[in-house]
Amino acid sequence: MDPGGSGRCRRPCVFARETRVLQDRPVVRRTGWTQGGRYSNMIKRIIHDHVTEALDALKLSHDKEFTVEVPNNPEHGDYSSNAAMVLAKENKTAPKKLAEKLLKELVKNKYFKSVTIAGPGFINFEIAPALYQKTLWDIHKLGAEFGDSEYGEGEKVLLEFVSANPTGPLNIVSARAAAYGDTLYRIMKKVGFDPAREFYINDAGNQVDILAESLELRLREIHGENIGEFPYEAYHGEYVTHLAHKLNAADGARIFMMPEKERTERLKEFALNELLEMQRQSLERFDVTFEGWVSEKTLRGEGVVEEVLSYLTEADCTYEKEDAVWFASTKFGDDKDRVLMKSDGSITYFVPDLAYHLTKIQRGFTKLIDVFGPDHHGYVPRLKAAFRALNYDEDMLEIIFLQQVNLFESGEKVKMSKRAGKIVTMDDLVNVVGKDAARYFFIARKANAHLNFDLELALQQNNDNPVYYCQYAHARICSILKKAKKDKVYPRSFKKELTQKLTRPDELALIQKITDLPELLEVIAAYREPHRLATYTEELCGLFHRFYNKFQVVSAKNKELSQARLLLIETVKDTLAMCLDLMGISAPEKM
RNA sequence: GCGCCAGUAGCUCAGCUGGAUAGAGCAGCAGCCUUCUAAGCUGCGGGUCGGGGGUUCGAGUCCCUUCUGGCGUGCCA
């Protein structure tokens, strides 16, 4: 093969060749704001709007942006704004003086129980129940659209995750990747990105050859042949023997009469189809599906490998050494140069994978997110280097590393080896703890933290899993609603005036918590941190369980209050169901 | 050696991207079911945020350094 040859243009170009300008794009766009420059948090938005109105009424300028935040210290009110401090300069007024002017306007508002000035010019707001009540009603009206946003501006994002070798059952790290990637996908979609999930099938490398050899040995074993000691390099897992039996049932001894090349192809094809189907089913049981499954083998057949090689050569960053073709990736920030074509003329994993990434760009994706296992971080610099060499914006490529999962049994770390067939599979895990608990367990931890998983704990004390805490809250609410309907307390439709009955701190705290969700979802999408949804869900449930223990909802004596609380808990239930759904976890009506 | 990630309560982990008094769940102790699900709630105990410097009005969060653990550093994928 001649990567620098002139054959490049004989076939149609797979990739666009226009030069891309490297651009400085912010890694994270501003969160918490919708496109119109308004807060996605409804209460913050109202406060922000009122401050703006006050500024206008006082004919004060407000070119610079000011914020509304929830102060950490509750003594500083429910919400706090830095408007006076930010706008002091452009109005040529001292911050405190400006704050005092604003204060006079703001105290007129029925939504604020108190407005005070603190510190260097913070304006602190204590919120009147009326604002919480109005907000609850607005959320109720939004229904399933609550939390929807245009934050992502329809950006096409490709999420690649799992992408395991199709040489065996999926392991625990794949399960973690599946839970992480799928949840991130769901949340990004909710906040206005245009994401797609993709699984890259490494069905063309060395590992597949070894798989075929392993299968052939097991097949010969079935036919009574003495195969001697099973090679160390081969796949030792029991599933290979199962596959051999299945293949034997289909082909019998016929396969041994095929020419060697044909037989190898048959073995490969059979094993890959079976194992890929097995992986697909494991993922489906985990409620994870993919918009795309891209085969390395297919990709190679499309000529993209040669094309990528020629581009790199054209960019003058390849050379030959020791009969191999190298990529001078050190020119672009890598530690060492990388082999593209081995001395035996075959291609390294890197080339088709790079080609695959370029097809993503070709298909119109502007953000390529790869979720990798911990053992791949050395691989990133060469991918980034290739992007730079080919003049693509390397910031389009974003790699997220999931740290490893350590399994513990009886306090001892379980050592796993795919080669040796010692492996706890994704299916094992789902069988033991169930889909919901497993997904929750993986989602609830941030990506780049190691994860210790005690199998016995999961097996014996699975009620300790916080997922039940959340699902239980949902089931409890369903139970109350059922009782309300049975007692004929549940109204045909809720009336807005009912919300005025909600004045207790526990009730208002629930409303406030619900209003946090839309902004949180944007933050999660922006920072790729789905674990924060798990934390949020637990907090929401905690508030509900406390409320539940304190107050009776259904009461024939006070029907209006009952109905107001029914509206509240139904909104909690819908919010909860939404959170659980975003995590791919079921929301049971009873437990 | 170099690079990446992590180190927060006995254990597993959060900590809103620099804010005021560091949180939750398990585990331990003490309470709460004739009322909508006790897989729940309430209270108590538990911490030199690995160590040391620095930046800042302010650091678990940022910078430097050091220790410990994991991973990477193949013409494997």
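Which polar side-chain atom lies 2.4 Å from a sugar or linking oxygen of RNA strand B? One of Tyr 472 does.

## Basis

This is a predicted model; local features need pLDDT of at least 70, side-chain atom pairs count only at pLDDT 80 or more, and totals for chains, interfaces and linings use all residues. Residues are numbered from 1 along each chain as its sequence is written, chains are lettered from A and ligands numbered from 1 in the order written, and side-chain values use heavy atoms, without hydrogens and water.

## Surface near RNA strand B

RNA strand B is surrounded by 57 residues (near: a heavy atom within 4 Å). The closest are His 377, Tyr 472, Arg 476, Ser 479 and Phe 551.

A polar backbone atom of Phe 551 is 2.4 Å from a base nitrogen, and one of Val 554 is 3.1 Å from a base oxygen. Elements giving two or more residues to this surface include α6 (206-222) and α18 (531-550). Helix α16 gives the largest share, eight residues. Helices here are DSSP runs of H or I, at least four residues, numbered from the N terminus.

## Helix α7

Helix α7 spans residues 238-251. Tyr 239, Val 240, Leu 243, Ala 244, Leu 247 and Asp 251 are buried (under 20% relative accessible area, exposed being over 50%; 1.4 Å probe, protein chains only). They sit on the same side of α7 because they cover an arc of only 145 degrees around the axis, taken from the directions from the helix axis to the C-beta atoms.

The face turned away carries exposed Glu 238, His 242 and Ala 249. Gly 252 follows α7, with a positive phi near 60 degrees.

Methods: Polar contact = N/O pair within 3.5 Å; in protein donor to acceptor, adjacent residues only side chain to side chain. Expected span 1.5 Å × (residues − 1).
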